[in-house]
Amino acid sequence: MGVPDQLADCMSMAEQHEYLRSRFSRRTMMRGGAVTLGAVVGGAFVPGAIARAAVPTRSTAPSAQKVDGRLVAPFGRHLAYGNDARTEMTVSWQVPVAVDKPFIRIGAHPWDLSHRIGAEIRTLYTPAGVGASADHTQYYVHAELVGLKPGRTYYYGVGHAGFDPAEPHLLGTLGTFTTAPAHKAPFTFTAFGDQGVSYHGLANDALILGQNPAFHLHAGDIAYADPAGAGKTADTGFDARTWDQFLAQTESVAKSVPWMVSYGNHDMEAWYSPNGYGGEEARFTLPDNGPDKKNLPGVYSFVHGNTAVISLDPNDVSFEIPANLGISGGTQTTWFEGRLKKYRAAKDIDFIVVFFHHCAYCTSTAHASEGGVRQEWVPLFEKYQVDLVINGHNHQYERTDVIKGNTVTKKLPIGGTAYPETEGVVYVTAGAAGRSLYAFTAPDSYEGHEHEVDAVASFVNTKDGKVNETVAWSRVRYLDYSFLRVDVTPAPRGHYTTLKVQGIAETGDRIDHFTVARRAK
């Protein structure tokens, strides 16, 4: 993002932010100034349901000339659960220019959208010279809904002064969402990382929509507006407009499926804030139950049925890409252990799924494994018997055997079953959502094309640099575009409840499947 090579390689994310702000602030402030953005206006739409005011953010942006709202259509709709997935949902969208009085309409039927609730606009300004584009202002709109009914499908439409989705000619713009159930019930979720904007990303979205997931997990490196990734080289290619393309591409799924994101190295954008996440905070509203909303907005958890899901920020512990190394001061790991302890003790939660960007175990020739994750979090995965760990970062599909103590405790062939209560943890790298693919040192080995290799050459990133290792845990490798599907099936107390995990190729073919089983509480 305009930081010289010799500086960017040794600067933290906060230092890059300070450098860019000092370079551009005088011109920017002359053009506009710091503005405080509006908050959501509350209002009832169904008995007991309200819209909660979002926390106003600050952004440096030029004053905007508003146009006739009748000429402006919202786009890029995307959903996210709130802290309670049973009763809270955020609907977010974009408008290409400034509009007046944005709002959402919501109801139990498409013909019953009489309840209108105000929304919040977050303005994000990127001046010319910060990356590749000319001056660019983006307008993100958010409505946080609380007091919803568990397991209920709602219809909604988004609009602003002059554009009312309840008008007959605009009913085609309506969307739906479904809240999490109040009790244990079967459901499906999907996951991947490293999508960006491409035909392959679009194709994966289409396939994911066909799985009918309850929610989707995006394990970091979301849009790639920052193509260099964490300031390792001068990011002259940064282009904020990539987010416009990405959210338009993703809308086909994310308008009806909660799109739960975790932040990767390409999601740190130095211009907007010292931690690099100011842009993401404008674009997404995620659960705010993490340890440090200011520094780690992508760290949170939610519960759907019998499954707890935890999002972590590995930029905080990454030796490979240290721009935000240590930003939490250890609070993330402390919070994470507390959350694991709480969920493992909860009588209504059977499974714990953890997703984040950098890989604990992967044999890619690009990034391979992150030693910071192994050092900080792998012992906690094992102590609290985490059922499934999902990563991105490496652009391929790879799945491990069952691992504990950095060794294979059980070979897990395609179609096999793992028992985390006694055996260990299974790790899946699902980073082939759309960006260019990486490579393996060993041949592909996947369903119908198995090629077992007992020893695979790889490396792990440590505080002292790359350390070579030869591993025995690389069980499935597939070097093409793909995503993950997980089917969760509850069971009566004392019987085995299951996660049935499948790797699905962009072709629709299954490349891997295995089961994680534990006795239901």
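User: What share of the 521 residues in the protein is buried?

Analyst: In this predicted model, buried residues make up 61% of the 521. The chain folds into eight helices and 30 strands.

User: What share of the contacts with a separation of 6 or more comes from residues 24 or more positions apart?

Analyst: That would be 73%. For one example of two places brought together, take Q195 and G392: they are 197 residues apart along the chain, yet their C-alpha atoms are separated by 9.6 Å.

User: Where is Q195, and why is Q195 called buried?

Analyst: Q195 lies in the loop between strand 12 (187-192) and helix 3 (199-210). Buried means under 20% relative accessible area. Q195 has 0%, so Q195 counts as buried.

User: What makes the F381 and Y427 pair "tilted"?

Analyst: Two numbers settle that. Ring centres have to lie within 6.5 Å to pair, and planes under 30 degrees apart count as stacked, over 60 as edge-to-face, with the rest tilted. Here the centres are 6.1 Å apart and the planes are at 55 degrees, so the pair is tilted. The partners come from distant parts of the chain, 46 residues apart: F381 sits in helix 8 (residues 378-383) and Y427 in strand 24 (residues 427-430). The protein has 22 aromatic pairs by this rule.

User: How do you know that the charged end of R116 sits over the ring of F103?

Analyst: For a charge to sit over a ring, the distance to the ring centre must be within 6 Å, and the charge must be within 35 degrees of the ring normal. The charged end of R116 is 3.8 Å from the centre of the F103 ring and is counted as sitting over that ring. R435 does likewise with Y224, at 4.0 Å from the ring centre.

User: What does the side chain of H17 reach, and why is H17 called buried?

Analyst: The side chain of H17 reaches the backbone oxygen of A270 at 2.8 Å. A polar contact needs the atoms within 3.5 Å. H17 itself is in helix 2 (residues 13-31). Its relative accessibility is 12%, against a cut-off of under 20%, so H17 counts as buried. Leaving out residues up to four places away in sequence, H17 touches A270, W271, Y272, S273 and P274.

User: Why does R374 count as buried, and which side chain makes a polar contact with the side chain of R374?

Analyst: R374 is in helix 7 (residues 371-376). At 14% relative accessibility, R374 is under the 20% cut-off, so R374 counts as buried. The polar contact is with the side chain of S369, at 3.1 Å. A polar atom of the R374 side chain also lies 2.9 Å from the backbone oxygen of A360. With residues up to four places away in sequence set aside, R374 touches several others, including Y361, N406, V460, E469 and W473.

User: What makes strand 18 and strand 26 edge strands?

Analyst: Each of them, strand 18 (369-370) and strand 26 (465-471), pairs on one side only. They belong to an open sheet of three strands, ordered 18-25-26, with mixed pairing. Strand 18 and strand 25 (residues 456-462) run parallel and are joined by two bridges, with S369 opposite V460. Strand 25 and strand 26 are antiparallel over seven bridges, and A457 stands opposite T470 there. Those two strands form a hairpin with two residues between them.

User: How do you know that strand 20 and strand 27 pair?

Analyst: Pairing takes at least two bridges. Strand 20 (residues 397-400) and strand 27 have four, so they pair, in the antiparallel sense. In that pairing, R399 stands opposite V476.

User: And what makes strand 27 "mostly covered"?

Analyst: Five of its five residues, 474-478, are buried.

Key: Residues numbered from 1 in each chain as written. Predicted model: local features only at pLDDT ≥ 70, side-chain atom pairs only at ≥ 80, totals over all residues. Heavy atoms only, no water. Buried < 20%, exposed > 50% of the residue type's maximum accessible area, 1.4 Å probe, protein only. Contact = heavy atoms within 4.5 Å. Phe/Tyr/Trp six-rings, centres within 6.5 Å; stacked < 30°, edge-to-face > 60°. Polar contact = N/O pair within 3.5 Å; in protein donor to acceptor, adjacent residues only side chain to side chain.
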